[in-house]
Amino acid sequence: MHLAYPAVLAALLFCTGLYGVLARRNAILVLMSVELMLNAVNLNLVAFDVWLRDALHAGQALTLFTIAVAAAEIGIGLAIVLLVYRNRGTSDIDRLRALAETDKPTEPTDARAGAPTDTADTESDGAGVAAGTDGAGGTRPTRGEATA
Amino acid sequence: MSTAAAARLAADTPGFLSPTGVEVLFLLVGVVTLGAAIVSVTSRRLVHAALWLVVALGGIAVEYLLLSAEFIAWVQVLIYVGSVVVLLLFGLMLTKAPMGRSPDADSGNRPVALAVAVTAAVTLVTVVVDAFHSTWIDLDDGGPQGTTRVTGEILFRHWVLPFEALSLLLLAALVGAIVLSRRKDGRTGGENGGER
């Protein structure tokens, strides 16, 4: 069998899953599309393992591990989706915007305080590691907030 | 040099115009699998999407069988078709997904998603075909490579430690799912699950 057949099929399945992840609105349908992508990768692993005739059969072992990890992932993912549905009343991912950044700030003082630190951030990033200590008074708290 | 090498390669490997029986079967099952996957990501009925996913995953199991990976095919049937899809259906039911045609199954960025997917598909297929158009998998030589005996030997001889680590991961996932789906108000989860 040509290796091109399973490889092309896996690529097309992966892109189908990619479309589903990007275009679907319901979180459970997004999880289904993720499963399609994982299956495409598994098909590639098996095909290349059979082609290479690996003595350890690393491809097949990794496929089994991927299947088990995917089962764990779908369990945890569905538990999270159910929890979100219980708390928010919806499982549509584009309505869950509690962490979204709004365009207009709530307080103007925040905007004035935020602007210099942002420029200091970009300056210190552009100037390298040594310049990071210059504007440290302004940048450090915001960095801490951003990473926390 | 390149033309001579290409000619030798072309002489060594069978062409695409005279497919073997396994290849024809692989192509047919692949078309069914891909069609089911596409229907599964575009269907507006959520339960139908989950059921088309069964067809796609079952088709992939048949492809594993055709690639002589027998054990993985049955694991695929057991875990994906048997449990993952059932979990997804239960998830759809518990989130009160509409049974009929839901008009808002796709979000607003559908054209962008289509463009990204088509671009990725064209790129990947071009690269893969260019790289592997003359690569031949010899399925007959040396017997099947994925029988239960072979898989068991390699899994419990060379991959024991990852296997055990994976069992810990599954246990952690199980405990995590239970903890996540418990109620936080002090009462036990089972009774409330019955009430709801």
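Which residues are linked with Arg24(A) in a network of salt bridges? In this predicted model, the network joins Arg24(A) with Asp106(B) and Arg110(B).

Side chains of opposite charge can pair when their charged atoms come close. Here, Arg24(A) and Asp106(B) form a salt bridge, with their closest N and O atoms 3.3 Å apart. Arg24(A) sits in the loop between helix H1 (4–23) and helix H2 (27–52) of chain A, while Asp106(B) sits in the loop between H4 and H5 of chain B, so this pair joins two chains. Both Arg24(A) and Asp106(B) are buried. Across the interface of chain B and chain A, the rule finds one salt bridge, while the count over all chains comes to five.

## The wider interface

The size of an interface is often given as the accessible area lost when the parts come together. Between chain B and chain A, about 7,300 Å² is buried, and carbon and sulfur atoms give 75% of that area. On the side of chain B, Val41(B), Ile137(B) and Gln145(B) lose the most area to chain A, together 9% of what that side buries.

In terms of residues, 89 from chain B are in contact with 71 from chain A. The rule also finds 16 residue pairs in polar contact across this interface. Several helices of chain B each supply at least two residues to the side touching chain A, among them helix H2 (21–42), helix H3 (46–66) and helix H4 (70–94).

Asp94(A) is partly exposed at 29% relative accessibility, whereas Arg25(A) is buried at 16%.

Arg95(A) forms a salt bridge with Asp92(A), and their closest N and O atoms are 2.9 Å apart. Asp92(A) counts as buried, with 11% relative accessibility.

## A buried threonine and a nonpolar patch

Thr66(A) lies in helix H3 (residues 58–88) of chain A and is buried, at 17% relative accessibility. Its side chain reaches the backbone oxygen of Leu62(A) at 2.5 Å.

On chain B, Leu168(B), Leu171(B), Leu174(B), Val175(B), Ile178(B) and Val179(B) make a nonpolar surface patch of about 570 Å². Of these, Leu171(B) lies in helix H7 (residues 160–181) and is partly exposed, with a relative accessible area of 47%.

Definitions and conventions. Residues numbered from 1 in each chain as written. Chains lettered and ligands numbered in written order. Predicted model: local features only at pLDDT ≥ 70, side-chain atom pairs only at ≥ 80, totals over all residues. Heavy atoms only, no water. Patch = residues over 30% accessible without salt bridge, like charges linked within 9 Å, V, L, I, M, F, W, Y side chains within 5 Å. Areas by Shrake-Rupley, 256 points an atom, 1.4 Å probe, with all protein chains shown as cover. Salt bridge = Lys/Arg side-chain N within 4 Å of Asp/Glu carboxyl O. Helix = DSSP H or I, 4+ residues; strand = E, 2+ residues; numbered from the N terminus. Buried < 20%, exposed > 50% of the residue type's maximum accessible area, 1.4 Å probe, protein only. Contact = heavy atoms within 4.5 Å. Buried area = accessible area lost by both parts, 1.4 Å probe. Polar contact = N/O pair within 3.5 Å; in protein donor to acceptor, adjacent residues only side chain to side chain.
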